Amino acid sequence: MEVGFLGLGIMGKAMAVNLLRHGFGVTVWNRTLSKCQELVEQGASVGETPAAVINKCKYTIAMLSDPSAALSVVFHKDGVLEQICSGKGYVDMSTVDAETSSKISEAITKKGGYFLEAPVSGSKKPAEDGQLVILAAGEKALYDKMVPAFDVLGKKSFFLGEVGNGAKFKLVVNMIMGSMMNALSEGLCLADRSGLSQQTLLDVLDLGAIANPMFKLKGPAMIKGSYPPAFPLKHQQKDMRLALALGDENAVSMPIAAASNEAFKKARSLGLGDLDFSAVFEAVKSAKDSDSA
Ligand SMILES: NC(=O)C1=CN([C@@H]2O[C@H](COP(=O)(O)OP(=O)(O)OC[C@H]3O[C@@H](n4cnc5c(N)ncnc54)[C@H](OP(=O)(O)O)[C@@H]3O)[C@@H](O)[C@H]2O)C=CC1
Ligand SMILES: O=CC(=O)O
């Protein structure tokens with residue numbers, strides 16, 4: 001199967017490599033075109049523009065940073081819309097809001113193409129290992145065609161019905177994840193300020209009812225103040241913002257998510273946006289420092 005792939009950031013690169021390793025023909029494009037070279041060395045072809053990739057491939061996947069990137073790759077000059085047509089499918093796996101996804105879906109469908117949103121849960125390592133969880137919604141016929149690719153990229157894929165449901169699901173999941181990361185950060189800070197061992201706190205958490213892979217993976221690095229980006233903090237803050245907007249639309253009060261969003265914003269203002277989202281710990285620590293000054 002030949003697929004196009006737009007967006008070779010942390011996730012897109014790992015996913016495209018995985019497809020190549022499993023025998024897919026892959027034609028890649030990235031805004032910063034030089035990032036395509038590493039994929040070419042592993043057997044990929046390059047399209048000079050998103051339109052060129054769509055022209056070449058029957059199915060194209062996108063993995064882009066945020067709503068504005070997802071929209072620009074479709075609607076701008078040399079974008080997806082210029083070549084999408086009957087018989088071609090476009091699968092956007094970026095984390096965006098339902099409104100963005102619907103806009104893209106409508107435009108593509110109007111031109112006779114098929115659209116599927118398919119955001120993923122799971123970070124850099126699950127992307128490298130083909131262990132993502134795929135939250136797809138939109139055109140069921142396209143979902144069925146994409147199953148062989150999803151089987152390579154993920155450990156489980158869900159088909160969730162109409163466009164928007166995948167986007168909303170992903171935002172709910174990441175809203176919970178961002179709140180948990182803040183709770184862990186406050187706990188580590190509180191333990192330290194109370195004269196307790198942060199490592200012992202992690203050991204205790206790992207043995208009890210709230211043990212989870214995220215605390216186990218990120219906790220030890222957080223204690224060391226090490227935040228190599230797997231899931232960039234700026235993207236987690238985008239997800240909190242979009243989840244809060246979904247809460248606004250549905251009149252759901254989310255004080256914990258709102259407070260977590262403030263901490264992620266604070267972390268961005270401290271210049272931590274490109275680090276891993278666990279760097280919110282630094283913002284939590286700095287807030288506690290100024291409280292005690
Ligand atoms: N990292 C993670 O753990 C996970 C991320 N996600 C989601 O997946 C998506 C990608 O994440 P990730 O790979 O980490 O992000 P990165 O920041 O590593 O990559 C972002 C990609 O988007 C491209 N891009 C940004 N702005 C534009 C634009 N205006 N026009 C065209 N391309 C653009 C970048 O191109 P360039 O190289 O030129 O900057 C790059 O290819 C996000 O929506 C994120 O929320 C979902 C699950 C896990
Ligand atoms: O969106 C991030 C993730 O880890 O999932």
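By class, the residues around ligand 1 divide into 12 nonpolar, 11 polar and 5 charged. The model is a predicted one. In total, 28 residues surround ligand 1, and the closest are Asn30, Thr32, Lys35, Ser123 and Lys238.

Several polar contacts can be followed from the oxygen atoms of ligand 1. A polar side-chain atom of Thr32 is 2.5 Å from one such oxygen atom, and an N or O atom in the side chain of Asn30 lies 2.7 Å from an oxygen atom of ligand 1. Leu8 takes part through its backbone, with an N or O atom 3.2 Å from an oxygen atom of the ligand. Ligand 1 taken alone exposes 900 Å², and the protein buries 89% of that area. Helix H1 (10-21), helix H4 (67-75) and helix H11 (233-249) are the elements that each give two or more residues to this shell. The largest share, 3 residues, comes from H4.

Ligand 2 has around it Ser121, Gly122, Ser123, Lys170, Asn174, Met177 and Phe231. By class, these are 2 nonpolar, 4 polar and 1 charged residues. Helix H8 (residues 165-193) supplies the largest share of this shell, 3 residues.

The polar contacts of ligand 2 involve both backbone and side chains. A backbone N or O atom of Gly122 lies 2.8 Å from an oxygen atom of the ligand. From the side chains, an N or O atom of Lys170 is 2.8 Å from an oxygen atom of ligand 2, and a polar atom of Asn174 lies 2.8 Å from an oxygen atom of ligand 2. Taken alone, ligand 2 exposes 190 Å², of which the protein buries 91%.

The structure holds 4 aromatic pairs. In one of them, Tyr90 and Phe115 are tilted, with 6.3 Å from centre to centre and 35 degrees between the planes. Tyr90 belongs to strand E5 (residues 89-92) and Phe115 to strand E6 (residues 114-117), so this pair ties together parts that are 25 residues apart in sequence. Tyr90 and Phe115 are both buried.

Tyr143, Phe150 and Phe159 form one aromatic cluster. The ring of Phe159 also has the charged end of Lys140 sitting over it, 5.8 Å from the ring centre.

Notes
Residues are numbered from 1 along each chain as its sequence is written. Chains are lettered from A and ligands numbered from 1 in the order in which they are written. This is a predicted model: local features need pLDDT of at least 70, side-chain atom pairs count only at pLDDT 80 or more; totals for chains, interfaces and linings use all residues. Side-chain values use heavy atoms; hydrogens and water are left out. A residue is near a molecule or strand if one of its heavy atoms lies within 4 Å of it. A polar contact is a pair of N or O atoms within 3.5 Å; within protein, one must be able to donate a hydrogen and the other to accept it, and residues adjacent in sequence count only if both atoms are side-chain atoms. Accessible areas come from the Shrake-Rupley method with a 1.4 Å probe; for residues, only the protein chains shown count as cover. Helices (H or I, at least four residues) and strands (E, at least two) are DSSP runs, numbered from the N terminus. Ala, Val, Leu, Ile, Met, Phe, Trp, Tyr, Cys and Pro count as nonpolar, Asp, Glu, Lys and Arg as charged, and the others, Gly among them, as polar. Rings of Phe, Tyr and Trp (its six-membered ring) pair if their centres lie within 6.5 Å; planes under 30 degrees apart count as stacked, over 60 as edge-to-face and the rest as tilted. Buried means under 20% relative accessible area, exposed over 50%, partly exposed in between (1.4 Å probe, protein chains only). A charge sits over a ring if NZ of Lys or CZ of Arg is within 6 Å of the ring centre and within 35 degrees of the ring normal.
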